[in-house]
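Here are my notes on this model, written to be read with the structure open beside you. Take the points in order and find each piece as you go.

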Amino acid sequence: MPIALADLEALVGKPFPGGTYTIEPYRHWLMTDAFGAVPTSEGTAHPMETYYGALAGMGLSVDELFALVGATAADGPMFGETTIDIRQPLRIGATYDVSGSIESVERKEGRRAGVFDIVGFRLELREPGGELAAVSTNSFIFPRRD
Amino acid sequence: MDIELGVEIPAFVVDVADERMKTVAALLNDSNPIHWDVESVRRLGMGDRPVNQGPNNLAYVANALIAWAGGDPGAVRRLQVRFLGNVFGGERVTARGVVTGVRREGGVALADLDVWLERAEDDRVLDGTATVVVG
């Protein structure tokens, strides 16, 4: 049986443990090289650091996030939507505070897909002084098979 | 930068390489074997090539926008996309965008765009919108 919808809905608004994320110069070089950008290890960070930093600093692994909503990677979760909203460009070498929570839960049923849940979560990256630098909003789709 | 509505940004073409997926998996602690283990992909009935990480596909669109903005990664202010399908190792994909609006906000000029990543003209794997600083 899939996780009860009421249990899932009870997660909305509860904060993740949170943490910090440092944009390590060597790691930034390797990542930008891996996805075909100009590899750099100083200066302004690639916009994808908002996404990666948010996930890395939220205080849960992706597997733990899946477990929180009653799923595993073996269930075949899929990306739904992603928004990267950058208020101040991130800097290579800088450290950011990361916080966030599950923002929305929606259970649907499709003729072919069966029952599935769409879980949305929002993560913020802040400067050490508290100023908001960037926001990563994401949704995962979790198939719910009996 | 003078920008006309409807202008297409230069295409960003990527030949998706298996080795790069392995680098990303290692850097991101991504334990999903579909990104490097072909046997796992076969067992799931997803074919016989590794599956590219979804965020990589988004990164290609960001790369196209950065190049269009003159190479400044800080020019990309917003990206919102839906993931529509998987990209596999060995495939060629192209990131594209078209300007839908130009405005001033907070003393800077911003361009709004429709963006997407495609295998072919009628085969999009990701689409959405973006906002880029243009002056």
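1. Helix α2 (residues 25-34) of chain A packs against helix α1 (residues 18-27) of chain B at an angle of about 145°, the axes being 9 Å apart. Axes here are lines fitted to C-alpha atoms, for helices over the stretch in contact, and angles run from 0 to 180 degrees between N-to-C directions. Helices (H or I, at least four residues) and strands (E, at least two) are DSSP runs, numbered from the N terminus.

2. A word on the source: this is a predicted model, in which local features need pLDDT of at least 70 and side-chain atom pairs count only at pLDDT 80 or more, while totals for chains, interfaces and linings use all residues. Residues are numbered from 1 along each chain as its sequence is written, and chains are lettered from A and ligands numbered from 1 in the order in which they are written.

3. Which residues of α2(A) and α1(B) meet? On the α2(A) side they are A:Arg27, A:Leu30, A:Met31 and A:Ala34, and on the α1(B) side B:Arg20, B:Thr23, B:Val24 and B:Leu27. Contact means that the C-beta atoms of two residues, placed from the backbone, lie within 7 Å. Five of the residues in this helix contact are nonpolar, one is polar and two are charged. For that sorting, Ala, Val, Leu, Ile, Met, Phe, Trp, Tyr, Cys and Pro count as nonpolar, Asp, Glu, Lys and Arg as charged, and the others, Gly among them, as polar.

4. Now zoom out to the whole interface. There, 25 residues of chain A are in contact with 28 residues of chain B. On the chain A side, α2, α3 (48-57) and β2 (78-86) each supply at least two residues, and β2(A) gives the most, with eight. That side divides into 15 nonpolar, six polar and four charged residues.

5. β2(A) and strand β2 (residues 76-83) of chain B run antiparallel, joined by five bridges; A:Thr83, for instance, stands opposite B:Gln80. Two strands count as paired if DSSP finds at least two bridges between them.

6. Seven bridges hold β2(B) and strand β5 (residues 123-133) antiparallel, with B:Phe83 partnered by B:Leu126. Strand β4 (residues 108-120) of chain B is joined to β5(B) by ten bridges, also antiparallel, and these two strands form a hairpin with two residues between them. Look for B:Leu113 opposite B:Ala130, and B:Val115 opposite B:Gly128.

7. Finally, the core. The largest nonpolar core has 66 residues, and those touching the most other members are B:Tyr60, B:Val61, B:Ala62, B:Leu65 and B:Val76. Such a core is a set of buried Ala, Val, Leu, Ile, Met, Phe, Trp, Tyr and Cys residues joined through C-beta atoms within 7 Å; buried means that 20 or more other C-beta atoms lie within 10 Å of a residue's own. Helix α3 (residues 54-68) of chain B gives the largest share, nine residues.

Methods
A residue is buried if 20 or more other C-beta atoms lie within 10 Å of its own, exposed if 12 or fewer, and partly exposed in between; C-beta atoms are placed from the backbone.
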